[in-house]
Amino acid sequence: MKLLVCISNVPDTTTKVKFVDDNKKFDETGVQWVINPWDELSLTRALEMKDDPASGIKTVTIAHVGSATAEPTIRKALAIGADDAIRVNAVPADAYYVASQLAEVVRTEKFDLVMCGIESSDHNGSLVGGMLAELLDFPSVSAVSYLKIENGQAIINREIDGGKEIVSVPFPFVAIVQKGIAKEPRIAAMRGIMMARTKPIKVVEPVNIESFTEVTGFEMPKPRAACRFIDAENVKQLIEVLQNEAKVI
Amino acid sequence: MSVLVYTENWDGKFKKLSFELVSYASKVAEMLNTTATALSIGNVEEAELQKLGNFGVKKIIHARIDGLNILDNQAYTKTIADIATKEGATVLVLSNNNTGKALAPRLSVRLKAGIGSGVGKLPLGVDPFVVYKRAYSGNAFAHLTIKTPIRILTLAQNSFGLIEKNAGAALENLSVQVDGTLVKTTVKEVQKLTGKILLTDADIVVSGGRGMKSPDNWGPLVELADLLGAATACSRPVSDEGWRGHEEHTGQTGKIIAPILYIAIGISGATQHLAGVSSSKYIVAVNTDKDAPIFEAAQFGIVGDAQKVLPKLVEAVKEMKAR
């Protein structure tokens, strides 16, 4: 069984977000780039499953759509334990563009299971996994918080409003994973970092796709008013303010 | 041309988020000088369906699908896309909840429709069609231009509110046949949290962080939540430690919520936490450290120890209720 883990290269989550070019472009100056947090959990679970011989997973491949500047992030994924990687050499125009490129990778290389994080921390779209599945006509399961493969069958927990369902779908499919899929992201060990240097990153050229959308500007959130402090000995006052002034309780 | 809004039901009932979605879709329709149609799939009684009509839709389509009583993303996508096409919908509106996240991207590909996900207000313009959406985990907002003739919008919960308007909605019943071979999902078991106010639906949320010190200290926090009719939540370290279940984790990688009132007890307010709660209308923070970043996001703050302040809050709310 061949598993594909799609990763996005995003600014570190503690980055102070700024824009340049009249608020049209994200300011990359001094930014640390990391594997998108959900994709990192997804990769961790993929490797945990591969560690279990009963899963039948032979290889875990990384796919990324982006320029060569993302290679350190891809190397990190290889250092954590993925076997190899495919980078589609293109600037990601939008979710549909990215999903279309990934679909081409899956069609060419024939994967049995594709894992995508439910969201990326930069565009917050929650789109690529579902689009990819539709492009491939694969089943998809979204908001997956547990995934296990046993006797050639996938056991999946999907989160629903107010609970969860234990579901199954046939291979090949796309699992769109969320928090809970792995406890903590796996960290690269020194041996992994050494081995990652020689693991193959295959670079493929993009297919010609017209994007559906385009970001035409950014704005910063409005600053909030300063906090009004209430004395810890006078908690009653807080309740009064919430009841009579804010009128929220 | 019309705006089609997919209104999910939960055991045959709608929620506040359904009415918010319908209100939103009706307003988008006004911007486009057209009308909005609500689409409900599954068994919902007529009286419940009529409730959607109080929020501005002109038509309510009730589709019963034979042989499909679970969410299968492929079968649902095909059904909704076929109805959208038949109705000539140029805008499709869904919630940005788990169901919306599962269906909207598939619909986008099927209908060749660009998608604005997690939109927080009405489009900034309709020609070109520009939406306003969350970006960089709440640290910014993006203006996204959708270039395709059909557009899909998923609305962030609690971002728009309800707008009542009776447009005299007509109810249309539809019987849909789904090709059984299309349904690939098997649901083996459903586990529901019962008797709890859902975090994503709650108007008030009381949330605890590491400042709670131990899982044994949650009693007064839960009591406060019960008194306020609030849901309980927690920060990431708390769920990672297993003090509370991961379904309570609010923050960037957990649940993104937008209640009217968010009460953060013993939460310092790391960027990742604020990413999940910054859309709350009011934030109240209780923390021992007056320089904690949570106070930058909060409108009201108490510098103090959670264990000491919580019982006083409980008392004060009880007094308020007794009045």
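Me: Before anything else, what is meant by a nonpolar core here?
Reply: A nonpolar core is a set of buried Ala, Val, Leu, Ile, Met, Phe, Trp, Tyr and Cys residues joined through side-chain atoms within 4.5 Å. The structure discussed here is a predicted model.

Me: Which residues of the largest nonpolar core touch the most other members?
Reply: That core holds 60 residues, and those touching the most other members are A:V114, A:L132, B:L39, B:I80 and B:L107. Helix α3 of chain A, residues 95–109, gives the most to this core, with nine residues.

Me: What does B:I80 touch?
Reply: Leaving aside residues up to four places away in sequence, B:I80 touches B:Y6, B:L39, B:I41, B:L92, B:L103 and B:L107.

Me: And which residues does the second core include?
Reply: The second core is separate and has 37 residues, including A:A232, A:L238, B:I204 and B:F300.

Me: Turning to the sheet of six strands, what is the strand order?
Reply: The order is β15(A)-β16(B)-β15(B)-β14(B)-β12(B)-β13(B), in an open sheet with parallel pairing. At the edges are β15 (228–229) of chain A and β13 (231–234) of chain B, each of which pairs on one side only.

Me: How many bridges join β15 and β16 of chain B?
Reply: Four bridges join β15 (residues 282–287) and β16 (residues 300–303) of chain B, in the parallel sense. Within this pair of strands, B:A285 stands opposite B:G301 in β16(B).

Me: Which helix lies across β15 of chain A?
Reply: Helix α6 of chain A, residues 235–245, lies across that strand together with β14 (261–265), β15 and β16 of chain B. The helix runs at about 175 degrees to β16(B). Helix α5 of chain B (residues 219–228) also packs on the sheet, where it touches β12 (204–208), β13 and β14 of chain B. The direction of helix α5 makes about 175 degrees with that of β12(B).

Me: How many disulfides are there over all chains?
Reply: A search of the whole structure finds zero. A:C116 is in no disulfide, and the nearest cysteine sulfur, that of A:C6, is 3.8 Å away.

Me: Is A:C116 buried or exposed?
Reply: A:C116 counts as buried because its relative accessibility is 4%, and the cut-off for buried is under 20%. A:C227 also counts as buried, at 16% relative accessibility.

Me: How is chain B divided into domains?
Reply: Domain 1 covers 2–182 and domain 2 covers 204–322. Their C-alpha centres lie 33 Å apart. Five residues from domain 1 and six residues from domain 2 take part in the contact.

Me: What does the secondary structure of chain A come to?
Reply: Chain A has six helices and 15 strands. Of its 249 residues, 55% are buried.

Me: What is phi for B:Y136?
Reply: Phi of B:Y136 is near 45 degrees, a positive value in a residue other than glycine. B:Y136 lies in the loop between β7 and β8 (140–146) of chain B and is buried, with a relative accessible area of 8%.

Key
Residues are numbered from 1 along each chain as its sequence is written. Chains are lettered from A and ligands numbered from 1 in the order in which they are written. This is a predicted model: local features need pLDDT of at least 70, side-chain atom pairs count only at pLDDT 80 or more; totals for chains, interfaces and linings use all residues. Side-chain values use heavy atoms; hydrogens and water are left out. Buried means under 20% relative accessible area, exposed over 50%, partly exposed in between (1.4 Å probe, protein chains only). Helices (H or I, at least four residues) and strands (E, at least two) are DSSP runs, numbered from the N terminus. Contact means heavy atoms within 4.5 Å. Two strands pair if DSSP finds at least two bridges between them. Axes are lines fitted to C-alpha atoms, for helices over the stretch in contact, and angles run from 0 to 180 degrees between N-to-C directions. A disulfide is a pair of cysteine sulfur atoms within 2.5 Å. Domain bounds come from an automatic or database domain assignment.
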